[in-house]
Every structure is written in C-alpha cells, then in structure tokens.
Amino acid sequence: MKPTSLERVGQWLIVLILTMLCLSILYPFLYMLAISLNTGADAAKGGVYLWPRSFTWFNYQVVLGNEVIRNAYKITIARTVLGTFGGLAVTLMAAYGLSYKLLPFRNSILTYILITMLFNGGLIPFYIQLYKLGLTNTFLVYIIPSLFSVWNMFVMQKFIQGIPEAMIESAELDGAGPFRILLQIIVPLSKPMLAALGLFTAVGHWNDWFAGAFYVTNQQLIPVQTFLQQLLTAQDLSSVLSSNENQEVLREQSMSNITLMSIKMATVMISALPILAVYPFLQKYFVKGVLIGSVKG
Amino acid sequence: MFFKMYKYRWQYLMVLPAIVLLFLFNYIPMAGIQIAFKDFAIGSSIWDSNWIGLDNFSFVHDPQFWVVVQNTLSISVLKFVFGFPMPILLALMINEVTHSIFKRFVQSVSYLPHFFSWIVVAYILQSFLTLDGGIVNDIIGNLGGKPIFFLGSTDWFRPMIIASSLWKEVGWNTILYLAAISTIDPQLYEAAKVEGAGKLAQIRHITLPGILPTISIVLILSIPGLINVGMDQIYPLMNSANQQVADVIDTYVLRNGLQQGYFGMATAVGLVSSLIGLILVVTTNAISKKINEEGLW
C-alpha cells in the first residue's frame, strides 16, 4: 500500500523535528568551542555563533597552564580508574558469593543489603560518619564509600544466574575454589555485563562534583567537575590565573583580552572532550547496559 | 551449622567487604539519625550528646521551609509531567524513521547529553543566556527586545530546569521503549496494513499496546524518585537572585547542615524526606504487586 500524502507530510515532519533535536544537542558544543577559541573581549561583543572570529589558542594555554586544573585532571583520572575497577571487584565478589543458593544466612544477608535501598540516614549523618572515619579531605573519600553498589549487585546476580551451573560444577569437581571459579569462569563470561556496568560507574566518577565540593576542602584534591562548579559562580579569574605556569603567555596578551566567559568555555570544553571522543565507540555498551539492567531481578 | 558455614568460608569472605561497607556507610548513618533529636556539634560524640526532644523540628515554623516544600513539589510535578510522556513520543517518532542511518544517528546523538554532568549543562545554559554576548540575548536584541537576565530570574528558573532536564534525558529514556517496540511482531503491522489501517491507527492499536507494559513499569519506577528533584542539577544554577524559587529540600539540608552547621536541624529535615521516600517506595511496591503481580523485591 502506498503511503497517503498525509503520511508523507508526517514523515517529513518527524525528520524535521528529529533533526532539530540533534541540532539542539550538538550546537551548544560547537558554540562553546567557538567561544573558547575566540579572544575573550571580542566574543563578549556577541556574534560568535559558529566559528571563532578572532582565533586564538590563548584561552586553552591559560587553562592548561593552571596547576589546580592539571592536578584536578589527575584526581579525576585516578578516581575514575580506581573507583571503577575497585567497585566492580567488590560488587562482583558479593554478587557471586551470594549466588550460592545454599549459603547459610543468604536471605538474611540479602535483606540486610535490600534495606539500604529503602531507607538511608540522609546527608548529614553520612557526612558525620565520613568525618569520624577520617575520610573527609582525603582522596579515599571518592573511592571507598561508593565501592559497593547495591543496584549493580542485583544486575550482576541476574546475569550470573544465566551462567550454566554445569560449568561451575565441573570446575568444582576439578578442585577449583570459589575465587578461581570467579576469575576463570565468571569474569570471562560476564565481560559484556562488566563492560557496561564499568562504563556507567566510570561516567559517574568522571561527572561527580558533589564529593569534591562538600567532603573536601583541600584544592589539591578536587576533581575537574568540582573545579568547574567553583568556576561557574566565580566572580573573577583569580582561581585560574594564580599558580599559572604560562606566565609568559599571560604577559604577552593584554589582560583585557581574557574574559571569564572565554576561560570558562575553554575549561568546560577540556572536560567534555574526552567524553565526546570516546562516546561513539562505547555507545553500544551503554545501550546494552541499560537493557541488562532493565531485566528485573 | 558451623561446619556448613565453614564450608562456605570463601563465599563469606567475598561478601564481607560489601557487608562492612554497608555497615559503615549506610547503617551507622541510620543510627546517626538520633542527632535529629539531640543537641549535637561536630567534634563531639553522637552518643554522648544530650537529648532535646523535638527542638530540632522547629523548622516547621520557618517560613522558608514551606517555600522549600512548595518548590520541591512544583519542580517534581513539572519534571514528571514533561519528562514522562516526552520519551514515549520521541520513541514513537524515532520508530517511524525509515532511513536506517539517519535513525541510528538520531539515537546516538540523543543519548549523548546523558553522559555530561549537570555542571556542563549549567555552563551551556550560562554561555547561551549570558548578557555579555550570549546568543539568546543577541537574538532578542536583534528582534528589538530588551535583554533578559535569565540566570537570575525567578520567572525563568523553572522553565530552565525543566527544559534542561528534558534536553539531557529525553533521548536516553527512549532506550527501553525502543527495545520494547523492537520486540513487537512485524506480522501485526502487515496484517493491519492489509486491513487498510493507516500509520496513526497502527501506532494506536499495535505500537502503544505493545509498549504498554514498559510504560507502566517506567511509570511505577518513577514514583520513588518524586521526592528526589535532582540537587545535582539545581544547586549549580541556584543563586541569591532566584533562591526563592530554586531552593528545594536537598539544598535546604545542604545549606543549613554542611554550610551553616545546624546538624541536628538538617538531619531532622533529612529524616522527614527519607520517610517520605520510604512511603513512596513501599507504595510503589504495593502498586507493582497489584499490576504486574510482581513486587520490586
């Protein structure tokens, strides 16, 4: 059956709407990129919409010359790597240990875990506990409290249940202990699931600004997102210009050419570029991850 | 019993880190809720502080608290009203796209904003809406209008929050619906075409009924989140100019507790909010049991 003319109009309308949606998502990054590559004073006059009018690398040189930012980058990378692998390890161990149906007190432990999903002490008692444990103002505050994820554990359990028991039993007959089974059978078979959950955990670490803003006061320990959060409401450029290695560049350019907005745009682009760069390659894992997680456990 | 437990010693060892972490970061903070009823100052012991009854609950006499409750409810309802149907609509539109490359492109691009932090979103808003060369005020100026200070406006705060949360999550939230649509038997559409059903009729009688279970699950699962309005998003955009409409329960707790040191009072507010959360989850579970004949746990 041929589509009616009304349906053809509908088709075009849908294409139009979806194209506009895509533009609304991609354009802001292009816009911010253009401003970050434009001299500040010129951009403030307006009219820089698609590409820089007065091109310069200067904003990036200033941002990358700042010690706090470079340090924040190291913190972000360190917490993302450690937090992701540590988190997967702790959570997978718990999921696998609890997959033994005959484990004494298994149900009690599961209830103990489930209760934490229903109720929590709230922000303040949590903060006081971090303080009492001496975690505030340390790097470990980014890692330890979030090592175990209840939600991820349930997703993993669901996945592990799908692994044929015969494989595990035959390994047991060969004398393999639980840790060896975990490493040599469960982990290799769970790779797609681990990749998906690992990516979500990594994105969570990469994007978290809260812990750095409220559990840490030492500027040497803040991650990139917290730096961005501070810069968002900054009234001047002192945080970026102080302890800057590129003093030469700063002397060459007249200060009137640097604006808060152009420096901000350069900083935010530096934080967004890694995600923009890896996203096309990792997208399918993310989608898979959502679908694994949605199968109710 | 002991022998049986010994047999599973390695499994217990695997689960142990999770149990310890939950104890430290979930159960001890739950016990810490007692400071809602105590005169506690940081540095002193929670257990030795004096009981002061309901003094910390005097926030109910604070007019700002009721403003905060109202803001929380408004933002939460608005987010739901727009955030719930839009992904369904978008999924239906994406499904109608016949060109497969364009379809995949739209999907990839629309998932993208999900991976950026709310801080990055706040930067995008700032760069677009600023008075110094921001594109939106440029356009308003060219059309002969007066520039609007969106970021410090009580009228524009909510539209800004709703629009940016739609922008960030609408694409991502189509994933489950698109997956559900892809499981619908194509023969149903063929049969409908033979019967002479047009596109809209097909959507109404085949696609929508096909994804109805998914819609109902997503609807149910969004209930517990109603109390949680997304402080990650609101905090970076809140300032003294828009605080009257921006202040929500979470930011109220944060300000009074972590920033001003009223730990007892902030914990009390947090307790009320946790209890509402618990009620919502239990209600959700009951509804889910009734409709899907399966609870959440």
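A polar contact is a pair of N or O atoms within 3.5 Å; within protein, one atom must be able to donate a hydrogen and the other to accept it, and residues adjacent in sequence count only if both atoms are side-chain atoms.

This is a predicted model, in which local features need pLDDT of at least 70, side-chain atom pairs count only at pLDDT 80 or more, and totals for chains, interfaces and linings use all residues. Residues are numbered from 1 along each chain as its sequence is written, chains are lettered from A, and side-chain values use heavy atoms, without hydrogens or water.

**Stop 1: the interface.** Select chains A and B. Here 95 residues of chain B are in contact (heavy atoms within 4.5 Å) with 93 residues of chain A. The two chains bury about 8,600 Å² between them, 79% of it on carbon and sulfur atoms. That area is the accessible area (1.4 Å probe) lost on putting the two parts together, summed over both. Next, show polar contacts: 21 residue pairs cross the interface of chain B and chain A, both residues at pLDDT 80 or more. Now select helix 2 (residues 9-31) of chain B, which gives 19 residues, the largest share of the side of chain B that touches chain A. Helices are DSSP runs (H or I, at least four residues), numbered from the N terminus.

**Stop 2: the surface.** Select B:Val77, B:Phe80, B:Val81, B:Phe82, B:Met86, B:Leu89, B:Leu219 and B:Leu226. They form a nonpolar patch with about 630 Å² of accessible area together. Patch members have over 30% relative accessible area and no salt bridge (a Lys or Arg side-chain nitrogen within 4 Å of an Asp or Glu carboxyl oxygen), and nonpolar side chains are joined within 5 Å. Helix 3 of chain B gives the largest share, 4 residues.

Note on methods
Patches are made of residues with over 30% relative accessible area and no salt bridge: like charges are joined within 9 Å, nonpolar side chains (Val, Leu, Ile, Met, Phe, Trp, Tyr) within 5 Å. Accessible areas come from the Shrake-Rupley method with a 1.4 Å probe; for residues, only the protein chains shown count as cover. Helices (H or I, at least four residues) and strands (E, at least two) are DSSP runs, numbered from the N terminus.
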